[in-house]
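User: Could you help me learn how to read the ligand site in this structure?

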Amino acid sequence: MTGIGFDLLATDGRARRGRVTTAHGTIETPAFMPVGTAATVKAMTTDAVASTGAEILLGNTYHLMLRPTAERVAQLGGLHRFMNWDKPILTDSGGFQVMSLSDLRTMSEEGVTFKSHLDGSRHHLTPERSIQIQHMLDSNVTMCLDECTPFPATEAQAESSMRLSMRWARRSKDAFVERPGYGLFGIVQGGIYPEQRAESVAALTDIGFDGYAIGGLAVGEGQETMFRVLDFTEPLMVKDRPRYLMGVGRPSDLIGAVRRGVDMFDCVMPTRSGRTGQAFVRRGTINIRNARHAHDERPLDADCGCPTCRSYGRGYLHHLFKADEMLGPMLLTWHNLHYYQDLMRTMRQAIADGNFEEVAGTMEARLTEGDV
Ligand SMILES: CC1(C)O[C@H]2[C@@H](O1)[C@@]1(COC(C)(C)O1)O[C@@H]2CNc1nc2cc3nc(N)[nH]c(=O)c3cc2[nH]1
């Protein structure tokens, strides 16, 4: 097997059930990737993450190149050994994080120069350097260095930004070291413009990648616009390679994007909002800090089999957050990640059974019921 393997196992409408094969194991798709930005899924051990059913994690070039540096991670055995995760890892290439986290950055044809948000030190990231860093991290899925086109952007701005990303995609591919079980994904850009998105898909397909991400979304455009961009972009993408929608999303985003042919997702929502006391449940969301939960002995979600819901009531979780106890964020993160994996498991099964629309429609309706 050269690169990353992908088998399309079933389809139901545009929804796809597949399997990605890497040197560190397989990933059942549609799949959700917990975000492990600085070599940790915050508040979770890797055993706990694995217990939720997650089969692949996301790491970030930007954060790890700043601290502890890619050289240090490589010296300590690579990211799998370093963080004690022996399943697949996908790493983002750094461009998006530079634009969203660092200041004093300058873009050029060569790459991006920026100051670290940690200590103000200056750094330079090129397609070649980003690919090299991801290789040093021993990432199974490397992402091309791209520019995530800001939202909103005019069509001319989106075209210019996309074409820079396509030139960087070529340079990323030229710098990538092919290894069995390791792959490189291209990232489609083009803003909200059909012609720009089509040109980007064609350019990346012509270069040839192990998988294709859809970038430039989940940047504040809203769900309706995101789905519209998927509706005219996804049909242009090859069917025999994974599609990865970056930075998405809430449960309703995931259901709508699986319906539109997306295979892989990552998002900070279940972990980040878990730490602030927001739980995702089948009927919507719960803010556990709300006083109405103080005396409630019910679990977060009666239909959830996670360790949190099996053993703890809302009143206790409410107490933990009011007391600022670290167990609070740990238990809500664990629940949220378990719930997200349950959602993906349910969708995988529905596609295989050929009743995706019925199952998805029921889940979407329940999400709007609101918690009682
Ligand atoms: C900055 C931070 C932590 O990343 C999250 C989250 O905040 C936040 C901020 O507001 C919401 C929308 C709720 O999500 O946006 C991020 C999730 N959206 C997203 N992640 C992406 C990553 C990407 N990586 C690359 N290489 N290229 C892309 O085009 C790209 C697009 C992306 N869109």
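**Reading the ligand site**

Analyst: Happy to! A backbone N or O atom of Ala-218 is 2.8 Å from a nitrogen atom of the ligand, a polar contact (a pair of N or O atoms within 3.5 Å). This is a predicted model, where local features need pLDDT of at least 70, side-chain atom pairs count only at pLDDT 80 or more, and totals for chains, interfaces and linings use all residues. Residues are numbered from 1 along each chain as its sequence is written, and side-chain values use heavy atoms, leaving out hydrogens and water.

User: Which side chain has an N or O atom 2.8 Å from a nitrogen atom of the ligand?

Analyst: That is the side chain of Asp-92. Leu-217 uses its backbone instead: an N or O atom there lies 2.8 Å from a ligand nitrogen. Taken alone, the ligand exposes 640 Å², and the protein buries 75% of that (areas by the Shrake-Rupley method with a 1.4 Å probe).

User: How many residues surround the ligand?

Analyst: A residue counts as near if one of its heavy atoms lies within 4 Å of the molecule. Here 16 residues surround the ligand, and the closest are Asp-92, Asp-146, Gly-216, Leu-217 and Ala-218. The shell divides into seven nonpolar, six polar and three charged residues; Gly counts as polar in this scheme.

User: Where does the ligand sit?

Analyst: A molecule sits in a pocket if more than half of its atoms lie within 2 Å of the pocket's grid points. On a 1 Å grid over the protein atoms alone, a pocket is an open set of points where a 1.4 Å probe fits, with protein on both sides within 12 Å along at least five of seven lines; lining residues have an atom within 4 Å of a point. In this model, the ligand sits in the largest pocket.

User: What is known about the space and lining of the largest pocket?

Analyst: The largest pocket holds about 890 Å³ of space. Its lining has 38 residues, with Phe-96, Gly-247, Asp-266, Cys-267 and Val-268 closest to the centre. The elements giving two or more residues to this lining are β5 (57-60), α5 (95-101), α9 (223-233) and α11 (269-275). Helices (H or I, at least four residues) and strands (E, at least two) are DSSP runs, numbered from the N terminus. By type, the lining splits into 14 nonpolar, 15 polar and nine charged residues.

How values were computed
Points joined across faces, edges and corners; volume = space filled by probe spheres on them. Polar contact = N/O pair within 3.5 Å; in protein donor to acceptor, adjacent residues only side chain to side chain.
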